[in-house]
Amino acid sequence: MPIQFNEKTREFHIFNNHISYIIGILKNGDIEQCYFGKKLRSREGITKRFYQFGPSNAAICPIDSDILFTPTVQRREYPNYGTGDYHFCAYQTEQSNGSRINNFSYRDYCIHKGKDKIPGMPATYGDDVTTLELYMHDETSQTDITLFYHIFDNLPVITRSVRFTQVGDQSINITRALSFCLDLPDSEYEMITLNGAWGRERYIDCSPLHQGIQEVNSNRGISSSEHNPFIALKRKDTNEDNGEAFGFSLLYSGNFTALAEVDSYDKTRVAMGINPFEFSWKLNTGENFYTPEAVLVYSDEGLGGMSQALHSLCQNNIMRGDYKLTRRPVLFNNWEATYFNFDEEKLLKIASSAKELGAELFVLDDGWFGKRDDDTTSLGDWFTDLNKLPNGIGSLGKKVKDLGLKFGLWIEPEMVNEKSKLFREHPDWAIGVPNRKRSYGRHQFVLDFSNPDVIDYIFNLISKVFEESKVDYVKWDMNRYLSDIYSPTLPPNRQKEFFHRYILGFYNLYERFIEKFPHVLFESCASGGSRFDLGLMYYAPQAWTSDDTDGVERLKIQYGTSLIYPIVSMGSHVSAVPNHQILRSTSIDFRANVAMFGAFGYELDPTILSDYDKLKVSQQIAFFKEYGQLFQYGTFIRLKSPFENNNDCAWMVVSEDKKTAIVANFKVLARPNTIKDMIRLKGLNPNFDYATESFVFGGDELMNIGFPLQLEFNEFPQNADQNNSYSHSNNKGDFFSELIVLKAK
Ligand code: GLA
């Protein structure tokens, strides 16, 4: 078993070939964090508790005769507040007499193969998981907590979550319930977070830890584009390939907090979970409350190792459904081609032209329902607009399928416009405070998903649409943050449950759709990438990465996103130029060379493309079909960061057997009088010889001497236009890009 309990030292050792996670039971019943890092051998008395006991005899301590035994300096697994630990705490409950003090102590444990689901929430799964459950009890409030630890046989990953159970006959209010807490013995780390805004999601930010609390969070109701639910801690000299890095993330799509605190003794406490701001949860006798699951990765192979572990976990142990590990269909989406201005004829022309170019899926975006001619109306009225589609959505779906394409549809089920039949009939279904005017966002309100009646209504209505149109794919959008929080269905003392109940309602709706339509591919979206999190990957195995489809912009967005999320999860499309978000013009090859590293597609009108671009698009799609499995599921390796000098970016994918690799190189602006860049490739087999279109290199040479970038292009600039194959490199000048395919001989 990869989890052992040493009765004598009262320590649990959770391990596999990569990592060890060691925790011990302290004499007061608290759980101590002893070690998380590279695999250690199992030895009796493996941990010497070297931390400083009792820096001052005034420290608060649980045992009067042992003044050096103090939570002020102990490294604690799930710390409380109120008995001497003055860092931020992991949880807090309010009891019937008004007390907010808890003190749980260890009772028992259970180790078993496998892993249970978390009721109503996303959770990792797999045949190769082993679980440790630690049972803790608080005598005074008569509350139990269970700390769950899960280890996967072949990943440097531990996942954690917590269950609260009220056993006493008085209810409690949980006012804080983080998913994990990890106390590290020193603070020599830099903290990486992924921050941004609409159109520039998940930019990498890195700064050294310092004394005090540093936090990123969301109070917007969803995980948000401002901050992603993710923290990495890395050593100063850790790079992509070498050095220690921890990665922490959460399977949750709602308000979160992710924080690190460095204390006066240079210890670091890291934690993540539901944002305690605007949160509380009433727990009655016999009820359970589950926190979301958190993921903790340790890598001694740099940030690359951390990302690869996260990618593998996401692909194998989080994503579900028919498209798990399957190349995703090449899609054409009509949004930027038509916006709201379309009819059946126009859509079918786009679809049939897309089909000629090689597309596999046609997606009808916003505007097909109610009277939706702009974004001020009709959300909630999921009835086909017969002015635009007089034969109904079913007929359009059939005609698209008759062309040999799959059919996809856009929905935004969480929303309602003031101008809609739904709002007129059920104004109380839109989130808002009684007797207060609601705030608008994109002219719309958010539906009260804490109310099961709303979920039922939306499920039944949209199910009919899915049945009629026989959808193969759904783009589930969400275009504004939550505000004016209140639900008339909750009593006053439960209003702070709203945000979490909203997310539980949202997950419930997703699960019901997945059960009823198990073969549909879902793509999540929230004004681009505002709800890109591991929780959603359990329901929708791809997410629209950003509304910003400009190739240059996408370098940073996709590079940053790749820190956690696998390539296959990133919806990425080639759009028209000048780009609609930033008005930049780049070549069609540049845009495609970026977009192919993702769930690939096009977001433009193929009927108005020039003959040259049409040829290019058909070549791109053919090329993608040949290598799509490698693009989407190969090992992704970052080579040059666009955050370092804003001009260069390079990355590559390598097949599992290392026989095929594709290197992508991008240069934003051209510079005069330069010599060829050499780039050292990674992840190849040193003993293989790799052939490009024109040269052969040893794998060892490519990794140690490097590959001369722009080699193929400079020597063979014309081959794309002269024959019918895709050259993988665009014109010289600004916005240069090239894809180099390496094949082992
Ligand atoms: C959001 C999405 C876009 C598009 C529009 C439709 O902005 O991010 O891709 O679907 O909504 O209104």
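The secondary structure of the chain comprises 15 helices and 38 strands, both taken as DSSP runs numbered from the N terminus (helices H or I, at least four residues; strands E, at least two). The radius of gyration, over C-alpha atoms, is 27 Å, close to the 27 Å of the globule rule for 745 residues, so the chain is as compact as a globular protein of that length. The globule rule is 2.2 Å times the number of residues to the power 0.38. The model is predicted: local features need pLDDT of at least 70, side-chain atom pairs count only at pLDDT 80 or more, and totals for chains, interfaces and linings use all residues. Residues are numbered from 1 along each chain as its sequence is written, and side-chain values use heavy atoms, with hydrogens and water left out.

Of the 745 residues in the chain, 63% are buried (under 20% relative accessible area, 1.4 Å probe, protein chains only). Among contacts (heavy atoms within 4.5 Å) with a separation of 6 or more, 70% come from residues 24 or more positions apart. The C-alpha atoms fill a box of roughly 85 × 70 × 40 Å along the principal axes.

Thr549 is placed in the loop between β28 (542–544) and α9 (551–561). Its relative accessibility is 2%, so Thr549 counts as buried. The side chain of Thr549 forms a polar contact of 2.7 Å with that of Ser575 and another of 3.2 Å with that of Gln581. A polar contact is a pair of N or O atoms within 3.5 Å; within protein, one must be able to donate a hydrogen and the other to accept it, and residues adjacent in sequence count only if both atoms are side-chain atoms. Beyond neighbours within four places in sequence, the contacts of Thr549 are Glu336, Trp544, Arg554, His573, Ser575, Asn579 and Gln581.

Technical notes. Buried < 20%, exposed > 50% of the residue type's maximum accessible area, 1.4 Å probe, protein only.
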